[in-house]
Amino acid sequence: MVPYQLLALDLDGTLTNSQKQITPRTQQALCAAQQAGVRLALVSGRPACGIWPLARALDLPRFDGYILAMNGCQIIRCADEAVLFEQCLPDDYRKELCGLAREYQIDCIVYSKTGILTENSQSPYIQLDAKINGIPIHEVPCLVEAVDFPLDKLLLIGEPPVMEELLPKIRQRYPFFEVFRSEPYFLEIVPRGVDKAASLQRLMKICNLAENGFMACGDGYNDLSMLRAAALGVAMANAQPVVQEAADWVAPSNDEDGVAVAVERFLLHDTQQG
């Protein structure tokens, strides 16, 4: 019998290696875990369209897995692609938020159903995000006018020192939203109460499982909440020091099959021995 019924996995820097690929050993370990009865939840700041290829590669539709997109703004059941939960930023703030990039002279992106919307398609950080997610960039002359749909989240983008200085200012300005850095160059704004831990706890209730009865693996600042909330929080060796300190165990890096090592050690040991 497996000790945890659900395994929550961050993607970039955790599940995938530096080439943004799932290694054969990791894929084999995760398939074995699912066959043993563990459900997988892919929990990422990526939009759903950037997570689906990995979900299908791991056969999540067949094994009753889940996608938690945009740090938990959406919960999607892979078996039938049903959106079980979605929380958006208030429409009253849409134009103001989309205008922050010009106000602070930085870049900004919004995820639409067809890709990334931005006023600066030449930003190397935006190009990297598009490559990671496998989605196109649509440059628009004015983001405020182009975004006419509900916002799940908004990303402000700039050089790390600029983002570090901007973080407390945005938090003070919008105390009723969640504001955090998912990468040194990303500052994310999402609805209050949306983070990876809250989303996972919501999913556990949907699945009628113990609220904290899951194992989680991550490496980034936005993984801190779920590592602390998990029954077993695993950080990658490539994680930021504060993330490693918050974890119960530190696995090898994402380039050393860290997820596979953790799964084999904590989820498959008893089943393999049996």
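Contact here means heavy atoms within 4.5 Å. With that in hand, look at V263, which touches L7, A29, L30, A33, M215 and L268, leaving aside residues up to four places away in sequence.

A word on the ground rules. This is a predicted model, where local features need pLDDT of at least 70, side-chain atom pairs count only at pLDDT 80 or more, and totals for chains, interfaces and linings use all residues. Residues are numbered from 1 along each chain as its sequence is written, and side-chain values use heavy atoms, with hydrogens and water left out.

**The cores**

V263 belongs to the largest nonpolar core, which has 36 residues; L7, L30, L42 and M215 join V263 as those with the most contacts inside it. A nonpolar core is a set of buried Ala, Val, Leu, Ile, Met, Phe, Trp, Tyr and Cys residues joined through side-chain atoms within 4.5 Å. Buried means under 20% relative accessible area, exposed over 50%, and partly exposed in between (1.4 Å probe, protein chains only). Among the elements giving two or more residues to this core are strand 1, helix 1, strand 12 and helix 11. Helix 2 supplies the largest share, five residues. Helices (H or I, at least four residues) and strands (E, at least two) are DSSP runs, numbered from the N terminus. There's also a second, separate core of 26 residues, with M204, L209, F214 and L224 included. In soluble globular proteins, nonpolar side chains tend to be buried together.

**The salt bridges**

Now for the charged side chains. A salt bridge is a side-chain nitrogen of Lys or Arg within 4 Å of a carboxyl oxygen of Asp or Glu, and that rule gives 17 salt bridges. Here are three of them:

| Pair | Closest N to O distance |
|---|---|
| R46 and D12 | 2.6 Å |
| E264 and R25 | 2.6 Å |

R46 counts as buried at 5% relative accessibility, and D12 counts as buried at 16%.

E264 is in helix 11 (residues 258-266) and R25 in helix 1, so this pair ties together parts 239 residues apart in sequence. E264 is partly exposed at 25% relative accessibility, and R25 is partly exposed at 36%.

As for D223 and K196, both are buried. Salt bridges with shared partners join D10, K196 and D223 into one network.
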